[in-house]
Amino acid sequence: WMYSTNHKDIGILYLVLALFSGIIGTTLSMFIRLELGLPGQGILAGNGQLYNVIITGHGIIMLLFMVMPALFGGFGNWLVPILIGAPDMAFPRLNNISFWLNPPSLSLLLLSTLVEQGAGTGWTAYPPLSIQHSGASVDLAILSLHLNGLSSILGAINMLVTVTGMRAAGMKLTQMPLFVWSIVFTSILVILSFPVLTAALIMLLTDRNLNTAYFCESGDLILYQHLFWFFGHPEVYILVLPAFGIVSQVISFFSQKPIFGVIGMICAMGAISILGFIVWAHHMFTVGLDLDTVAYFTSATMIIAVPTGMKIFSWLATVYGGSVWFTTPMWFALGFIALFTVGGVTGIVLANGGVDMLLHDTYYVVGHFHYVLSMGATFGIFAGLYFWFGLMTGLSYIEGRGQVHFWTLFIGVNLTFFPMHMLGLSGMPRRMFDYADCFYGWNSVASFGALISFLSILMLAGPINFTPERTPSNYPQTNHQLNHQLDHVESRTHCH
């Protein structure tokens, strides 16, 4: 495993890392929700810095060490070579180091929480706070992000070269499965956006340690935000595009027909990728952009909804015309469509510069991005996990238990994040470890929902069938039976 250059082994390693990080990140989110379940001092005993460190760790771990390794590293590595008929990735040893840069990176991030007071900057690490933080904690976090970014860039180059250069003979671009296309677009986004983050982080590092003034003193605080969000917005599409690909595969399979409008789906992903790069300042409507800029970013952001809507309606058309088989992966894919649409609608609300003046930095934003991540990307991961679990491990899963897992998670995340929209509309600010008593009701509902979704994670191991049941004798499964059938087919073909 340490030196393995096999794309399947590395894919499994990525998925194991994602599971490990996901458990850490979920535990951190439970601390957040338990603190906010009641107003006043909670389990953190009034330690606001610790709360900020938990928020930072939860954000970075979930985005960069759970979703990306699972979707891009895990499913990407495992499936892309198989789906295009390649023997392995183009650069197998590069693939190995792409993975092994991640554990040190995660270790550095976890270590940063233990140095002095920890990095309580939020995952965005805005200056001046991130520059004034004493001690080495923010420096460790920056180094962690550098390693993670390097890993992502190397992996993305590997994916692109594999798909361009190692497709099966005669496979045209339009014949590639949609999951492969989603990985292609994701790789392009990674290669173009991560270097910008790297540049911003290096300037942050020199501002902290070498007395430069890129962002602090005479420098420009807003410059950091522009650089960060020029990475940050493509990043959210990096997180969700592979989930789009998985959902396409799952919906097509369980509707027992090809996806409606495949070329349209590919073009929609391409349009999302291009537009994703020219909307970044919608995260910055409150920093004092001039009116023309706000108008542009408002309209550009709304235009992203068009290709996204194309994808939603194509999935619905696929389901509508098919004879649908409601299995656990299909439920996760359908849940993805429903809840991603809700997240998209609240995104359109927030795209309005004027509305965003009121809602920026409130829980409405938190509700919005958790609908597209916690129920978009994560449901995509679970759909892929249940769908390809047998292929990857040779084990089966128990259908009923899988569906219980789905419904528990579905109810839990909705109870957690739907009330946040209400809190945001009534003006509860983000990143606060205490709140006015008037916000108590919805917060207690959200914390109750978080407990339910935490329980659903404990059910993840339940559906796995560690003793595969005996299959019917007429069902060709073992190698012996398959070889026998192949011999039979070959003898039939040779006769003619």
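A: Axes here are lines fitted to C-alpha atoms, for helices over the stretch in contact, with angles running from 0 to 180 degrees between N-to-C directions. Helices themselves are DSSP runs (H or I, at least four residues), numbered from the N terminus. This is a predicted model, where local features need pLDDT of at least 70 and side-chain atom pairs pLDDT 80 or more, while totals for chains, interfaces and linings use all residues. Residues are numbered from 1 along each chain as its sequence is written, and side-chain values use heavy atoms, leaving out hydrogens and water.

Start with α11 (residues 328-351) and α13 (residues 363-393): their axes come within 8 Å and cross at roughly 160°. That makes the two helices, α11 and α13, roughly antiparallel (angles over 145 degrees). The contact of α11 with α13 has 20 nonpolar residues, nine polar ones and no charged ones; Ala, Val, Leu, Ile, Met, Phe, Trp, Tyr, Cys and Pro count as nonpolar, Asp, Glu, Lys and Arg as charged, and the others, Gly among them, as polar.

For some context elsewhere, look at α3 (residues 92-100). Its buried residues (under 20% relative accessible area, 1.4 Å probe, protein chains only) are Asn95, Asn96, Ser98 and Phe99. Down the axis of α3 they fall within an arc of 160°, so they line one face of the helix; the arc is taken from the directions from the helix axis to the C-beta atoms. Their cover includes α1 (7-36), α2 (48-84), α4 (102-112) and α6 (137-165).

Then there's Ser273 in α9 (residues 262-275). Ser273 is buried, at 8% relative accessible area. Beyond its neighbours within four places in sequence, Ser273 is in contact (heavy atoms within 4.5 Å) with Phe185, Leu189 and Leu241.

Definitions and conventions: Buried < 20%, exposed > 50% of the residue type's maximum accessible area, 1.4 Å probe, protein only. Parallel < 35°, antiparallel > 145°, perpendicular 65-115°, else oblique.
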